[in-house]
Amino acid sequence: MLKFFEQEGRFPRHVGELPKAAVDYVAGQVKVEPALLAEYDWSGRSIERHRAQVRDALGFRESTRPDEDVPAKWLADKICPMVFTDEGLRAALLRRCRTLKIEPPGRVDRIVGAGRARFEREFCLHVLDGLSADSARSLWELATGADGFLLELKSDPGRLGLETLLEEIVKLRRAKALGLSADLFGGHSDRLVASWRARAMASHPSDFAANQPPVRLTLVAALAWSRTTEITDVLVDLFIGLVSKINTRAERKVEKAIEAEAKKVHRKTEKLFSIAEASLRAPEGTVRQVVFPAVPGGEATLQALVAEAKADAKAYKARVRTVVTSSYTSYYRRMPPKLLAAIEFKCNNTAYRPVMDALDLLQRHADFPNTTRHYDASENVPIQGVVPDGWLEAVVDENGVIERASYELCVIVSLKDALRRREIYVAGARRWRNPEEDLPADFEDNRDVHYENLRQPLDSGVFIATLKEAMRASMAACGRAVSRNKSGGAKVKTHRGESRWHIPDLGKLKVPENLRALHAEVAARWGIIDLLDFLKESDFVTDFTDAFSTVATREATPREVIRKRLLLVLYALGTNMGIKRVADGGRQCARILSSRMVWRDMCSSGP
């Protein structure tokens, strides 16, 4: 008991808590049989006297009833905001008792429960104080799930596309209509809010109704508040993905067109010399009479020469601009006005003010019809820092008139680049928030401590010099590997006049020997067993599919049908076959699964 108390900070509750190795060791020290420990009386005056002797030897005292109330308050004030599991709270309480030299009370679970309940009560009151009457009423209606917005709020966005972005904008608008303030959970950790959000995500309307009103409103508030920031982040992700997609699809389209047009002309220099010689020999003649006969193939050969000349880098970029502008004008132009109305972009860097001014210009012209092709001459349209040099001829004509659609496209591309560099941030977002908010609140006061934890120097010059040296060393090592042909096939190639890294396909990798041995051992013991059989038998033993439940208020589909569908979905995901392919062959798969489940029921019902 002495050594156990030194290690655990408490007395063992029964002989089973004592490690066998420790019992054997102590038995050898005192020259008795280890089995005699089973005869020890774990209740009565002897063990009480022994415990008192241990407490006196280690300087501990026995806990009293007031000692149970103080730890509960301490847990609620200090530990519960950071620790969310019963095991963590129990461990913190035991450490606290050891620090205060108090024997842990016998009702540890009660103290943990009391501390958690006290904290939740205070936390809920804090949240309710931050809610207006209209917000509380909206959250109460949301918890009922009557209008379906609760399910929509929990849902993830669909595939990357303009329609998905517009749907998320509508969802964000409805979430903001709940009227939750940005600092509703101010002063509380993100992990705490995330834990309440997780509880709300797994709750159905009936689960919300089972809670007390303060807890119900806090759960729904944590869900709505967190999902508002998450939807904002999703909108930024979709915006960046769509802008990249516009340019990527345009490049692919132009590349395919150029590949179809540009045919390499054999002995091109010789043919050009023949054209020049024929033109000098008969300068008064027509092209059809003098130039066409000078080259084999005549007019067709010259057309091929022109097509090849058009396929250079400058012409390629010009065609990409044309395709991008056409795609944006015909389809994606609906995106900027609604996106700018839904989220607020901000910037702390004066170098990116032109982009912010351009966004203000787009917002002012959001209600203008798209048939208005040019900006008015009186408008102050930022060009420097917004329109790249390669786009100037497409945006500004020779008279200085600015083409509106092309300029809008340049603005959203510049906005995308600034967002990815975190030069422009989004108000109300989480991942795309103000970069200055990423720092701890005490960063300025304890800068040296934080830099020490990051293992970085306080001097920015030293940090930059070290980083440059590491990058130079890496690039030098890469250059040596490429020159010695030891880079695994990685090379620098030129594509459309630009240098790009070319990484070869690794191909099929060799199966590791340990994985091959594992496959052989499994096949030798149990043979080849289909994954569907594994899933079916696992459900037969554990009924794990019962853990999947609908988020609606009721479940109309028979449970047996849901079980089959769940098993088939898990089979599709586990085999990487895909749900669509399994669904296409769903009748056959369902027939096989049904026959196996019938055979299972027959076997389980006995002879």
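Which helices each supply at least two residues of the lining of the second largest pocket? They are helix H1 (2–8) and helix H2 (20–30), where helices (H or I, at least four residues) and strands (E, at least two) are DSSP runs numbered from the N terminus. Keep in mind that this is a predicted model, where local features need pLDDT of at least 70, side-chain atom pairs count only at pLDDT 80 or more, and totals for chains, interfaces and linings use all residues. Residues are numbered from 1 along each chain as its sequence is written, and side-chain values use heavy atoms, with hydrogens and water left out.

**Pockets**

- A pocket is an open set of points on a 1 Å grid over the protein atoms alone, with protein on both sides within 12 Å along at least five of seven lines, and its lining residues have an atom within 4 Å of a point.
- The second largest pocket has a volume of about 640 Å³, a volume being the space filled by probe spheres set on the points, with grid points joined across faces, edges and corners.
- Its lining has 22 residues, and Met 1, Leu 18, Val 23, Val 26 and Leu 37 are the ones nearest the centre.
- H2 gives the most to that lining, with six residues.
- Sort the lining of the second largest pocket by class and you get 17 nonpolar, two polar and three charged residues (Ala, Val, Leu, Ile, Met, Phe, Trp, Tyr, Cys and Pro count as nonpolar, Asp, Glu, Lys and Arg as charged, and the others, Gly among them, as polar).
- The largest pocket comes in at about 880 Å³.
- It has 33 lining residues, with Ala 182, Trp 225, Thr 229, Gly 428 and Ala 429 nearest its centre.

**The cavity**

- A cavity is a set of grid points where a 1.4 Å probe fits but cannot get out, and the count comes to one cavity of 30 Å³ or more.
- The lining of the largest cavity is made of Phe 239, Pro 336, Leu 339, Leu 340, Phe 345, Leu 359, Leu 362, Ile 412 and Leu 415.
- Helix H17 (335–342), H18 and H20 each give two or more of these residues, and H17 gives the most, with three.
- By class, that lining has nine nonpolar, no polar and no charged residues.

**Helix packing**

- Helix H18 (residues 353–364) and helix H20 (residues 404–420) pack at about 135° with axes 10 Å apart (axes are lines fitted to C-alpha atoms, for helices over the stretch in contact, and angles run from 0 to 180 degrees between N-to-C directions).
- H18 and H20 are therefore oblique to each other (under 35 degrees counts as roughly parallel, over 145 as roughly antiparallel, 65 to 115 as roughly perpendicular and the rest as oblique).
- Val 355, Ala 358, Leu 359, Leu 361 and Leu 362 in H18 meet Tyr 407, Glu 408, Val 411, Ser 414 and Leu 415 in H20, contact meaning heavy atoms within 4.5 Å.
- That contact of H18 with H20 has eight nonpolar, one polar and one charged residues.
- Helix H6 (residues 108–129) and helix H10 (residues 190–201) have axes that come within 13 Å and cross at roughly 90°, so H6 and H10 are roughly perpendicular.
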